[in-house]
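Thanks for coming. Please have a look at the chain on the screen before I start.

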Amino acid sequence: MTRPDDPATPALARRARIPSRVHRPAPSGRRPGPSGAGPDTAARTPWPLLAQLPGAACLATAGALRMTEGVLGDGTRTLLSVVGALLACLALRACLAHGPLRAPGGTGRAGLYACWLLSYAAFGEGLLDQVMTGGPDGWWDGDPAPLLGLAVAVAPAARCAHLFTVRAHRGRTVSRTPEKFGAGVRPLLLAAVALFLGALLPLLYLADLGLGGGGTSVAAVALGVLFFLARLLAAHGLPEPGTVALAAACAVEAAAPALVLSARLPGLEPVAQPVNALVSAGGTGAVGALACGAAALGLLLYAVSAPSRASAHTHPRS
């Protein structure tokens, strides 16, 4: 017969003597979520600093290119641009992995669509201009101002998303039904979008002014709002609508030069008429403005109805 403290005593018997752990409520009466997330999680993560890194990387690259203009060769300046773009991408990846813009469930192919939209924002108008005039003939000009403005706008986007998340969580705790929660959170969503738009416009204007551009691009504004809505929904467990909206914008932007090129084939001249009319009315930037603006508007309409699904806002994702 073995004693209770004998090494041969079965493990189950030894565990039976260990008192069960007492579950105490979280401080201030708050319950932690399934992953431990709570309203105060943002205070324990460095996301405000991380949100400033993409803009800082782009500003540093733009400053270095401005100071080395006429000093370094084209090859060296191109290498400097590539390094700066790589640093900005790494900084953006770190920012999106923490804080209120983090999408716990992932975003699928949204990243690929975002890369296309950013590339079109920088080089799409130059490409379309050459295609409309019989090209392309060699390399086309790019406009880095939208990329710079959008990179700096990551910081206010994270702040607006954080404010929306905190307010939505508070509304979830006091709402008795999903309908009441949806009615209370819709104004918060619209306020967050308006607040972000108010920060995005001057940032894009200053970026364009600093790089010697001709004015704030409507397409860049629409793209910034589209990115913000898509990421905000993904951060609250709804990545699919944002992915669809991004894909739709990519399809419209890709279709414009494709239709113009297709019109060069015999009998297909009419297929380019919509693009010709759009460019004649608003310039080459009208294609990106229409694509991103329509996608952003559709996503906003969906987002206004999404808060009725209260489970998407039960736990803050900060």
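This is a predicted model: local features need pLDDT of at least 70, side-chain atom pairs count only at pLDDT 80 or more; totals for chains, interfaces and linings use all residues.

Helix α8 covers residues 218-235 and helix α9 covers residues 239-262. Their axes are 7 Å apart, and the angle between the two helices is about 155°. Angles over 145 degrees count as roughly antiparallel, so α8 is roughly antiparallel to α9. The crossing of α8 past α9 is left-handed.

Which residues make the contact? On the α8 side they are L226, F227, A230, L233 and A234. On the α9 side they are P239, P241, G242, A245, L246 and A249. Sorted by type, this contact has 10 nonpolar residues, 1 polar residue and no charged ones.

The spacing of such positions follows from helix geometry. An α-helix has 3.6 residues a turn, so residues three or four places apart point the same way.

Next, the glycine. G124 sits in helix α4, residues 110-132. Is G124 buried or exposed? Its relative accessible area is 3%, and buried means under 20%, so G124 is buried. Along the chain, G124 and A254 are 130 residues apart, yet 9.2 Å separates their C-alpha atoms.

Last, helix α3, residues 74-96.

Technical notes. Residues are numbered from 1 along each chain as its sequence is written. Side-chain values use heavy atoms; hydrogens and water are left out. Axes are lines fitted to C-alpha atoms, for helices over the stretch in contact, and angles run from 0 to 180 degrees between N-to-C directions. Helices (H or I, at least four residues) and strands (E, at least two) are DSSP runs, numbered from the N terminus. Angles under 35 degrees count as roughly parallel, over 145 as roughly antiparallel, 65 to 115 as roughly perpendicular and the rest as oblique. A crossing is left-handed if the near helix is turned anticlockwise from the far one by less than a right angle, and right-handed if clockwise. Contact means heavy atoms within 4.5 Å. Ala, Val, Leu, Ile, Met, Phe, Trp, Tyr, Cys and Pro count as nonpolar, Asp, Glu, Lys and Arg as charged, and the others, Gly among them, as polar. Buried means under 20% relative accessible area, exposed over 50%, partly exposed in between (1.4 Å probe, protein chains only). The expected span of a helix is 1.5 Å times one less than its number of residues.
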